[in-house]
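Welcome, and please take a moment to look over the sequence and the model. A short briefing goes with them.

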Amino acid sequence: MGLVMGTFSMQSKQVNYHTDNLDDDLELSVVCHRPEGLEQLEAQTNFSKKELQVLYRGFKNECPSGAVNEETFKQIYSQFFPHGDASTYAHYLFNSFDSSQNGSIKFEDFVTALSILLRGTTTEKLEWTFNLYDINRDGYINKEEMTNIVKAIYDMMGRFTYPALKTDTPKQHVDAFFQKMDKNRDGVVTLDEFILSCQEDENIMRSLQLFENVI
Ligand SMILES: [Ca+2]
Ligand SMILES: [Ca+2]
């Protein structure tokens, strides 16, 4: 949740700033040029119109062009993990946020993902996580994909910040995950297997908390 929490603390500062200094008329004028988009997003996400306005202002402030490319995303995201190398994990995250796969995250992509991660149901969050792990988007998580993700997370955490991770290698982590999740032992994890495993096993859920903390 590093990026998300960072974004929100940033938003809160802006809310205060704007509440103190600007009136509502200006806030409305800021979003005036895209009211249709906001109406639609209000219907599609779990955010109110007011929240979307605040998020939009923050997004435009960080990204005046209205879209984030992968390089910028990596730079922003890496700030939250100064003791590790977050670039690989940021690459996977970027691809998940970039739902249209065109190399940039627009505001719509950003709030859609944020809505799921912050206010979605458990199943929605698990679906999102599944899609993050399914790197080649073929509908299955194979062992290589899970290894890549787990390695990326270890790289990002940095061994000095999380010394406990030193004793638990990525391979052990992946093997444990697969043993529990691949119910029919066919070498890949489907969305159904993933959700079922997480719902019936609190240990897996707890393990996923580790990953949720870094989204
Ligand atoms: Ca896959
Ligand atoms: Ca399977």
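What follows is a short tour, from the whole protein down to single residues.

This is a predicted model, in which local features need pLDDT of at least 70, side-chain atom pairs count only at pLDDT 80 or more, and totals for chains, interfaces and linings use all residues. Residues are numbered from 1 along each chain as its sequence is written, while chains are lettered from A and ligands numbered from 1 in the order in which they are written.

**The whole protein**

- You will find twelve helices and four strands in the protein; helices (H or I, at least four residues) and strands (E, at least two) are DSSP runs, numbered from the N terminus.
- Of the 215 residues, 24% count as buried. Buried means that 20 or more other C-beta atoms lie within 10 Å of a residue's own, exposed means 12 or fewer, and partly exposed is in between, with C-beta atoms placed from the backbone.
- Among contacts with a separation of 6 or more, 59% join residues 24 or more positions apart. Two residues are in contact if their C-beta atoms, placed from the backbone, lie within 7 Å.

**Annotated spans**

- An unreviewed UniProt entry carries the annotation "domain: EF-hand" for residues 85-120, 121-156 and 169-204. Its positions are given in the numbering used here, feature names are shortened, and annotations may be inferred rather than shown by experiment.
- In the model, residues 85-120 are 67% helix and 8% strand, with their end C-alpha atoms 29 Å apart.
- Residues 121-156 are 72% helix and 8% strand, and here the end C-alpha atoms lie 27 Å apart.

**Helix H4**

- H4 takes in residues 49-62, and its 14 residues reach 20 Å from first C-alpha to last, close to the 20 Å expected at 1.5 Å a residue. The expected span is 1.5 Å times one less than the number of residues.
- The buried residues of H4 are Leu52, Val54, Leu55, Tyr56, Gly58 and Phe59.

**Helices H6 and H9**

- The axes of H6 (residues 87-97) and H9 come within 7 Å and cross at roughly 130 degrees. That makes H6 oblique to H9: angles under 35 degrees count as roughly parallel, over 145 as roughly antiparallel, 65 to 115 as roughly perpendicular and the rest as oblique.
- Axes are lines fitted to C-alpha atoms, for helices over the stretch in contact, and angles run from 0 to 180 degrees between N-to-C directions.
- On the H6 side, Thr88, Tyr89 and Tyr92 meet Ile149, Ala152, Ile153, Asp155 and Met156 of H9.

- Methionine 146 sits in H9, which covers residues 143-157. With 21 other C-beta atoms within 10 Å, methionine 146 is buried.
- Leaving aside neighbours within four places in sequence, the contacts of methionine 146 are Tyr133, Ile141, Val174, Phe177 and Phe178.
- Methionine 146 and phenylalanine 178 are 32 residues apart in sequence, yet 8.8 Å apart in space, C-alpha to C-alpha.
- Glutamine 172 belongs to H10 and is exposed, with 11 other C-beta atoms within 10 Å.

**Two positive phi values**

- Most residues other than glycine have a negative phi.
- Glutamine 101 has a positive phi near 55 degrees; its place is the loop between H6 and strand E2 (104-106). It counts as exposed, with 8 C-beta neighbours inside 10 Å.
- Arginine 185 also has a positive phi, near 55 degrees, and is found in the loop between H10 (170-181) and strand E4 (188-190). Arginine 185 counts as exposed, with 7 C-beta neighbours inside 10 Å.
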